[in-house]
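Dear colleague,

I am passing on the structure below, and after it you will find notes on what turned up when I went through it. Please read them with the model open beside you.

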Amino acid sequence: MTQSNTTISMTKVHNFSAGPSILAPEVIEASIAGIQNFAGTTLSLLEVSHRSKEFVSVVEDAQVTIKSLLNIPEGYEILFLGGGASMQFLMLAYNLLEKKGAYTKTGVWAANAVKEAKHLGLVEVIASSEDKNYNYIPKGYTIPSDADYFHCTSNNTIYGSQMKSFPESPIPMVCDMSSDILSRQVDVSKFGLIYAGAQKNMGPAGVTVVIVRKDILGKVSRAIPSMMDYQVHIKSETMFNTPPVFPIFSMLQNLKWVQKMGGVDGMQKRAADRANLLYNEIDSNPLFKGTVEIEDRSQMNACFLLTDETLAPKFDAVWKAAGISGIVGHRSVGGYRASMYNALPLESVQALVYVMRNFNA
Ligand SMILES: *Cc1c(COP(=O)(O)O)cnc(C)c1O
């Protein structure tokens, strides 16, 4: 790639950022358009009431679109909350933890979920992959039927592992899907609660989507502060306080884009194509090796190392020159992490694979 034409080099940045992360150009354009002139009001969406009919219809449209994309059955509510997925670690425990919560500990985020729930009561870690620096997904554990709920993390963003299937749970199953929601089909009816920060696969940072089955709520004896209470937010149709208006609007643009691209099936196919291409290169190129057990590899975050780490400065110079951005691994794993969220085109993975294949040490 030449650096002489800035327009070309700018459009050729391959954005593998782990989050906040890539959005389709048309989603960004539609977001800008809403800031300039919202729904024909000639006002910016940044300066109108969240209770205006135009914005209420954005919220409703986003709920309906998520419902349709994920095939959400009756009995579930969809909330758009602030505070990130990290606030849900605490909020879900406020609402569900009476006697104890059962957790799998499969990475940093899962460990944070455990830590926060402990503020509210007893937590039992029923399976963990901490013994091998979280490089696999534990299996064959028993979910205790005397716990109030079972919590798992579908995709471990930092370590690059992903649950390929979900257990049958005798108690409500709660899942942090922040980094793989909308990238594959899931049977929502198996879950009591799903939550996801938007900034990996759904939109910009600032909004967290909560999908909750109403009948699991209202069973704890504690008094729940209003902002922490799902039922309060449900009653006020996710407008108990001012919701994050811009992130919701921008997320809606992305949901429409996902729909146009073939919905979750379309995203699943894109994810498989990208992941197969990259993992094939990692496995066939002697200069690289993967860090995660093969059967548990994430289709969203591929972690890999140079077999000879002294080559890092040379390799880093090559991928940077090829317009690749954001593949430096998290400090707890080292090496490289290519995050391949919904909006990442296959072309970007082809560019990375090309660099890897032609890297001669
Ligand atoms: C990024 C991430 C989080 C943290 O999300 P915030 O919105 O920053 O709180 C939690 N869980 C998973 C799986 C993540 O990938």
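Which side chain does a polar contact of 2.9 Å join to that of Asp180? The partner is Arg184, whose side chain meets that of Asp180 at this distance; a polar contact is a pair of N or O atoms within 3.5 Å, where within protein one must be able to donate a hydrogen and the other to accept it, and residues adjacent in sequence count only if both atoms are side-chain atoms.

Before going on, please note that this is a predicted model, in which local features need pLDDT of at least 70 and side-chain atom pairs count only at pLDDT 80 or more, while totals for chains, interfaces and linings use all residues. Residues are numbered from 1 along each chain as its sequence is written, and side-chain values use heavy atoms, with hydrogens and water left out.

To stay with Asp180, its side chain also makes a polar contact of 2.8 Å with the side chain of Gln162. Asp180 belongs to the loop between strand E8 (173–176) and strand E9 (193–197), where helices (H or I, at least four residues) and strands (E, at least two) are DSSP runs numbered from the N terminus. With a relative accessible area of 2%, Asp180 is buried; buried means under 20% relative accessible area, exposed over 50%, and partly exposed in between, with a 1.4 Å probe and protein chains only. Leaving aside residues up to four places away in sequence, Asp180 touches Ser154, Asn155, Gln162, Asn201 and Met300, contact being heavy atoms within 4.5 Å.

Next comes a sheet. An open sheet of 3 strands runs in the order E11-E12-E14 with antiparallel pairing, two strands being paired if DSSP finds at least two bridges between them. Its edge strands, each pairing on one side only, are E11 (288–290) and E14 (336–339). Strand E12 (residues 301–306) pairs with E14 over 4 bridges, and Cys303 has Arg337 in E14 as its bridge partner. Helix H8 (residues 263–284) packs on the sheet and touches E11, E12 and E14, its direction making about 20° with that of E12; axes are lines fitted to C-alpha atoms, for helices over the stretch in contact, and angles run from 0 to 180 degrees between N-to-C directions.

As for the rings, a search of the whole structure finds 12 aromatic pairs. Rings of Phe, Tyr and Trp (its six-membered ring) pair if their centres lie within 6.5 Å, and planes under 30 degrees apart count as stacked, over 60 as edge-to-face and the rest as tilted. Tyr141 and Phe150 have ring centres 5.9 Å apart and planes at 40°, so this pair is tilted. Phe315 and Tyr336 are edge-to-face, at 5.2 Å centre to centre and 85° between the planes. Because Phe315 lies in helix H9 (residues 312–321) and Tyr336 in strand E14, their pair ties together parts that are 21 residues apart in sequence. Phe315 is buried at 0% relative accessibility, and Tyr336 is buried at 6%. One aromatic cluster is formed by Phe288, Phe304, Phe315, Trp319, Tyr336 and Phe359.

Finally, some backbone details. The peptide bond from Gly19 to Pro20 is cis, with omega near -10°, and Pro20 is found in the loop between strand E1 (14–15) and helix H2 (25–36). Thr42 has a positive phi, near 65°, and counts as exposed at 60% relative accessibility.
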